[in-house]
Amino acid sequence: MPCGEDWLSHPLGIVQGFFAQNGVNPDWEKKVIEYFKEKLKENNAPKWVPSLNEVPLHYLKPNSFVKFRCMIQDMFDPEFYMGVYETVNQNTKAHVLHFGKYRDVAECGPQQELDLNSPRNTTLERQTFYCVPVPGESTWVKEAYVNANQARVSPSTSYTPSRHKRSYEDDDDMDLQPNKQKDQHAGSVGGLQWCGEPKRLETEASTGQQLNSLNLSSPFDLNFPLPGEKGPACLVKVYEDWDCFKVNDILELYGILSVDPVLSILNNDERDASALLDPMECTDTAEEQRVHSPPASLVPRIHVILAQKLQHINPLLPACLNKEESKTCKFVSSFMSELSPVRAELLGFLTHALLGDSLAAEYLILHLISTVYTRRDVLPLGKFTVNLSGCPRNSTFTEHLYRIIQHLVPASFRLQMTIENMNHLKFIPHKDYTANRLVSGLLQLPSNTSLVIDETLLEQGQLDTPGVHNVTALSNLITWQKVDYDFSYHQMEFPCNINVFITSEGRSLLPADCQIHLQPQLIPPNMEEYMNSLLSAVLPSVLNKFRIYLTLLRFLEYSISDEITKAVEDDFVEMRKNDPQSITADDLHQLLVVARCLSLSAGQTTLSRERWLRAKQLESLRRTRLQQQKCVNGNEL
C-alpha cells in the first residue's frame with residue numbers, strides 16, 4: 001500500500017490498492033473514503049492539500065489530491081460510467097479487472113483492449129455539479145486561506161513555496177514551464193498506464209481567465225453570477241449522497257483532479273460525429289455537448305472523495321458553529337467571554353465610518369448579524385433589511401462605506417442602481433434549454449452574502465420591461481427572501497438568506513424592514529482620505545475580532561422565556577391602549593427582531609427585560625429622527 005505523501009500526489013494508487021485487495025466487493029469504496037477521512041484528521045493535513053482556489057491549474061499535477069471551495073451553480077443530469085471493467089491483453093490473452101470510479105477515461109496499458117462484453121463489467125451512476133468560486137468572496141478571506149495553506153507537492157511538478165503563495169488571479173505573471181509539465185505526465189498513475197502521453201493545453205488555461213466577465217461573449221462562458229469574478233470553474237463528479245446538496249450550497253470538496261487532454265479530443269470528436277447522426281437518434285445538441293464537456297484545461301474535473309457543506313466561509317472560525325461540539329469549543333467560549341469590548345470597539349469604528357452617527361452604527365451592527373433563522377409558512381423570520389437614507393449625493397461616501405463592509409463580511413456585492421444597470425443586467429438566473437444549463441444571474445448568491453444596493457446613483461429615466469422585472473426581483477428578495485428562477489414555461493422558487501443594505505438619498509424605492517436617516521456629525525473635506533485613514537488605524541488583530549464577532553453571532557441559538565413573552569404582550573397592549581395608532585402588529589414584529597439582534601450582539605441568547613427596553617428606546621430614537629426629517633423636508637421619507 002502506498003504511504004507517506006502518496007495519498008496527495010498519487011491518490012489513484014491508494015484507490016487501486018483497496019480495489020486490488022477487495023476486488024468487486026463494494027466494501028473497497030467505503031474503505032477508500034474512510035482512508036482519506038482519517039488522513040485529513042491528522043495534524044494540519046487539510047492545509048497540505050493544494051487548493052484550486054489559490055493554485056494556478058497548470059501548477060497542479062494531474063490525478064493529484066486537491067481541494068476546492070465553491071458554490072454549486074448548476075446541477076447536470078446524472079451520468080453513467082463504467083464502475084468496473086475488464087481488459088484483455090492481445091498477446092497473452094490475460095484478463096485484468098479495473099475500477100472506473102474517480103476517472104474520466106478508461107485506463108488500459110499497451111497491448112490491452114477493453115472487453116465490452118465481459119459479464120464482470122458494471123455500469124454505475126454519478127452526479128455532475130457545475131461549481132464556481134464563492135461569488136463575492138472578500139479579498140481578506142482569500143488571503144487568509146492562502147496564508148493558512150502549506151501545500152507542497154512532489155518534485156515532479158513545478159511547485160515552489162514562493163509561487164504557491166500567489167493566488168489564481170496572478171496566473172498571468174507566472175512562467176508556464178512547459179518542459180516540466182510534459183515530464184510530469186510520463187509514466188503511470190496508480191499502476192495503470194496512460195493510453196498516450198497527454199499534452200497540456202497551456203494556452204487554453206491562460207485564456208480562461210479572460211472569459212470571466214458576466215456579459216462577455218466568449219467561446220466558453222464560465223457562467224459566474226457576478227461580474228469581474230476570477231478563478232476556476234469545475235465540473236464536479238459526485239459519487240455518494242448527492243441528494244444532500246442543492247444549487248447555491250457552498251461546499252468544500254476533496255477529490256482527484258482530472259485534466260486529461262483526451263477529454264477535449266473526445267469531445268471534439270463527439271461533436272464532429274454528432275453532425276453525421278440522425279437528428280432523431282442524437283439526444284444531446286452540439287451546444288449542450290459544448291457546455292457540459294468543456295476543455296479540461298479550462299474547466300477541470302474533480303472526482304469527489306469527500307464533500308462538506310459549509311455553513312460559512314470565514315477562515316477565522318471553526319467550520320461548524322451550530323453543532324454540539326461548537327458549544328464546548330475553547331475558541332468560541334473564550335471569544336464569547338470578551339464580547340463586550342469587541343462590540344464597543346466595533347460600534348466606535350462604524351460610528352466613524354458613518355460620519356459620527358452612533359445610532360446608524362447601532363442599526364448597522366444589528367443588520368450585519370441578522371439572519372433568516374426559520375420560515376413560518378412563506379414568511380422568513382429574522383431578516384432585517386436596513387435602508388440608510390440621507391446619504392450625500394454625488395459623493396464617494398456610499399462607495400467607501402461599502403469598502404468598510406467588505407473588510408468585515410466574508411462575501412458581499414455592491415449593486416449600483418442606475419437606470420442602465422437595471423435595464424441591462426441579468427438579475428434572475430434562467431434555464432437555457434438548448435444548452436441544458438442554468439444561466440446565472442446577479443441574484444444567484446449563496447446564503448449570508450451581504451448585498452449593498454446603492455440608490456444614490458439613480459437618475460431620472462425610463463425602466464423598460466427587463467428593468468421592471470429586475471426591480472420586482474429585488475423587492476421579492478427583500479420581502480420574501482426568495483428568487484424566482486426563470487424556467488421559461490414556469491418559475492421555480494429558490495429560498496435564500498441574503499442581507500440587503502440599501503443606501504439612498506431619500507426613502508428607498510425598494511421595501512425595507514427599517515429606515516434610518518443618516519445624521520452626519522462631520523463632513524470630511526476628502527472622503528477617500530478619511531475612510532482610508534480609518535481603515536489603516538485599525539489593527540489587523542482588532543479587524544479580525546470584528547470579523548469573528550459578526551459571523552459567530554449569526555449562529556447563536558436564541559429564545560424568549562414565557563415570562564418575557566408575557567411581559568412583551570402586556571407592554572404591547574399598554575402601548576395600544578394609550579395610542580392605538582402608535583404601534584401595529586408589524587411594528588411589534590420589527591421590535592422583536594431588533595430585540596433579538598440586540599440581545600445576540602451582546603452575546604445573550606435569551607431576551608431580557610433590559611434588552612427589550614433598549615430595543616424600544618432605539619426604535620423611538622429612530623422614529624423621532626425620521627419625523628423630524630419629515631417636518632424639515634415637508635414630504636414623506
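Lys41 counts as exposed, since its relative accessibility is 61%, in a model that is predicted rather than experimentally determined. The side chain of Lys41 meets that of Glu38 in a salt bridge, with an N to O distance of 3.4 Å, and Glu38 for its part is partly exposed at a relative accessible area of 41%. Both residues belong to helix H3, where they stand three residues apart, or about one turn of the helix.

Helix H3, which spans residues 27-41, also contributes Glu29 to a pairing with Lys101, a residue of the loop between strand E3 (95-99) and strand E4 (112-114), so that distant parts of the chain, 72 residues apart, are linked. The side chains of Lys101 and Glu29 meet in a salt bridge at 2.8 Å, N to O. Lys101 has a relative accessible area of 1% and is therefore buried, the cut-off for that class being under 20%.

A further salt bridge joins Asp249 to Lys246, with 3.3 Å between the closest N and O atoms; Asp249 is buried, because its relative accessibility of 8% falls under the 20% limit.

| Salt bridge | N to O distance |
|---|---|
| Lys101 and Glu29 | 2.8 Å |
| Glu38 and Lys41 | 3.4 Å |
| Asp249 and Lys246 | 3.3 Å |

These pairs are among the 30 salt bridges that the structure holds.

Key. Residues numbered from 1 in each chain as written. Predicted model: local features only at pLDDT ≥ 70, side-chain atom pairs only at ≥ 80, totals over all residues. Heavy atoms only, no water. Salt bridge = Lys/Arg side-chain N within 4 Å of Asp/Glu carboxyl O. Helix = DSSP H or I, 4+ residues; strand = E, 2+ residues; numbered from the N terminus. Buried < 20%, exposed > 50% of the residue type's maximum accessible area, 1.4 Å probe, protein only.
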